[in-house]
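Me: I would like to work through the salt bridges of a model and learn how to read them. Please start with a single residue and build up from there.

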Amino acid sequence: MDSLSEVRARIDAIDGDLVRLLAERQSLVRAAAAFKADAGAVRAPGRVEQVVALARERAASAGLSPDVAEAVWRAMIGAFIDLELAEHARRTTP
């Protein structure tokens, strides 16, 4: 790449891909809420650690800093847990 504007354009394109993938993930998170009995099942700390560990492993293999991957995944998971808790509450509140 020959310029900052080219780098930024490529970053913007990747961000567009990420948004589409996150929208797909959100759809799956909402679907998962239907299978969980309570807020503890939504929070699922064991599953969170499993997903973060896998992200770190994949990051290392792909040339991404595992620390960056962990920070991003924890933020993403936290946001999706909040969304899923709201979805779960909506489904279980009379």
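Reply: Start with E84, which counts as buried because its relative accessibility is 5%. Buried means under 20% relative accessible area, exposed over 50%, and partly exposed in between, with a 1.4 Å probe and protein chains only. The model is predicted: local features need pLDDT of at least 70, side-chain atom pairs count only at pLDDT 80 or more, and totals for chains, interfaces and linings use all residues. Residues are numbered from 1 along each chain as its sequence is written, and side-chain values use heavy atoms, with hydrogens and water left out.

Me: How is pLDDT read, and what does the chain average?

Reply: pLDDT is the predictor's confidence in each residue, from 0 to 100. Where pLDDT is low, the predicted coordinates should not be read in detail. Here the chain average is 93, and 100% of the residues score at least 70. Helices (H or I, at least four residues) and strands (E, at least two) are DSSP runs, numbered from the N terminus.

Me: What defines a salt bridge, and which residue does E84 meet in one?

Reply: The criterion is a side-chain nitrogen of Lys or Arg within 4 Å of a carboxyl oxygen of Asp or Glu. E84 pairs with K36, at 2.9 Å from N to O. K36 lies in the loop between α1 (4–33) and α2, and E84 in helix α4 (residues 66–92), so the pair ties together parts that are 48 residues apart in sequence. K36 is partly exposed, at 24% relative accessibility.

Me: Which residue forms a salt bridge with R56?

Reply: The partner of R56 is E70, with the closest N and O atoms 2.8 Å apart. Because E70 lies in helix α4 and R56 in helix α3, this pair ties together parts that are 14 residues apart in sequence. E70 is partly exposed, with a relative accessible area of 22%, and R56 is partly exposed at 27%.

Me: How far apart in helix α4 are R74 and E70?

Reply: They are 4 residues apart, so about one helical turn separates R74 from E70. These two also form a salt bridge, the closest N and O atoms being 2.9 Å apart. R74 counts as partly exposed, at 33% relative accessibility.

Me: How many salt bridges does a search of the whole structure find, and which residues are linked in a network?

Reply: The search finds 7 salt bridges. The network links E49, R56, D67, E70 and R74.
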